[in-house]
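This report describes a single protein chain. The sequence and the coordinates are shown below, and the account follows them.

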Amino acid sequence: MSFSMKNFVNYTEKGTAVMKMMLFAVLALYPMMVFGRVPHPHSRKVLHEELNEIPPPEKYDGDVLSDSSKDFQVQMKDWVKVSLNTPKILAVQVGDRIEIECEALGGPKPTLAWNKGLHPRPIAYEETNNVNGMSLGRIISRLRFDCIQPEDEGMYSCSAASGTEFATSHHTMIFVHNKNGSHSPSGGKNCKSLMEGGARSLRPHIDQWTPILMEVIGNDITLQCIISGNPVPDLFWLDKDEKLIENGADSRFKILEGGDLLIRKLRWSDMGSYTCIAQNSAGQAKETSFVYPMSE
């Protein structure tokens, strides 16, 4: 039986509690559903603390469903949480490969961007034609330096926007030192020249994706998959039955030019895990997105 938004709540307080329980169950147990792994207790504790900060829904008189029944409907306030899973100070050497990861959780599905410097750059509001109910999503993004240089030194953070809400993570300061330990602009140029000349092969990476998305049935959804590598990787999507998705094979499924997967008019039968695969001569990378349809 699909989850019903009409029966979701009778009262605001009850709706908040149910929403948090549902989010906790789906997000915290996602690794077990998809990979057969039980989430680490610390992860459950952190997620529980973050869910406690979800704002309560606003209650208002809904449309008259029939002459004899008037239901309360719940409109969740926009909310977003963002965290940078990196120490506040990183000291590296010129030419090192480093990676920092940012995660955003919110409703509606967040949009995420990286910042360099003290002031976060604005994120445009992502408008959709979706109606009825709400969208809840989690985004993970990785900022990677395959051959870090002195000019990459600086303060980094990430920002996320969900609807009208905006949040920025803490800052991480990256110090770049020369191989001899000195703070110098020289050294480490070999790997940079190889990369710029295209002579250095880099296995594929998936830099940003949507681990989980909950959306109302009938709405359109987009699963992100931003990739990198050298040579430029080929990108594939597998559906919930692990079958290759091809444009034109099903008009509701379309791989967009940037690599994202569009699913039109979401159905209950679309629930499951969708896999983005990036592949080149140096290797392969893949990440999974779990889709949970909800009825309005």
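Does E242 count as buried or exposed? At 66% relative accessibility, E242 counts as exposed, where exposed means over 50% relative accessible area, buried means under 20%, and partly exposed lies in between (1.4 Å probe, protein chains only).

## Basis of the model

This is a predicted model, in which local features need pLDDT of at least 70 and side-chain atom pairs count only at pLDDT 80 or more, whereas totals for chains, interfaces and linings use all residues. Residues are numbered from 1 along each chain as its sequence is written, and side-chain values use heavy atoms, with hydrogens and water left out.

The average pLDDT (the predictor's confidence in each residue, from 0 to 100) is 76 for the protein, and 62% of the residues score at least 70. A contact here means heavy atoms within 4.5 Å.

## Overall composition

The protein contains four helices and 18 strands. These elements are DSSP runs numbered from the N terminus, with helices as H or I of at least four residues and strands as E of at least two.

Of the 296 residues, 44% count as buried. Among contacts with a separation of 6 or more, 68% are accounted for by residues 24 or more positions apart.

## A three-stranded sheet

Three strands form an open sheet in the order β12-β16-β15, with antiparallel pairing; two strands pair if DSSP finds at least two bridges between them. Strands β12 (221–223) and β15 (253–255) stand at the edges with a single partner strand each, so one side of each is left without a neighbour in the sheet. Neighbouring strands of this sheet are turned by 20 degrees against each other on average, direction ignored; the axes are lines fitted to C-alpha atoms, for helices over the stretch in contact, and angles run from 0 to 180 degrees between N-to-C directions.

Between β12 and β16 (residues 261–263), the antiparallel pairing extends over three bridges. The bridge partner of T222 in β16 is L262.

## A buried serine

S289 belongs to strand β18 (residues 283–294) and is buried, with a relative accessible area of 1%. A polar atom of the S289 side chain lies 2.6 Å from the backbone oxygen of T210. A polar contact is a pair of N or O atoms within 3.5 Å; within protein, one must be able to donate a hydrogen and the other to accept it, and residues adjacent in sequence count only if both atoms are side-chain atoms.

## Backbone geometry in loops

Most residues other than glycine have a negative phi, and most peptide bonds are trans. The peptide bond from G107 to P108 is cis, with omega near 0 degrees, and P108 is found in the loop between β5 (98–107) and β6 (111–116). The bond from N230 to P231 is also cis, with omega near 0 degrees; P231 is found in the loop between β13 (225–230) and β14 (234–238).

E242, in the loop between β14 and β15, has a positive phi near 60 degrees. K265 has a positive phi of about 50 degrees although it is not a glycine. This lysine lies in the loop between β16 and β17 (272–280) and is exposed, with a relative accessible area of 59%.
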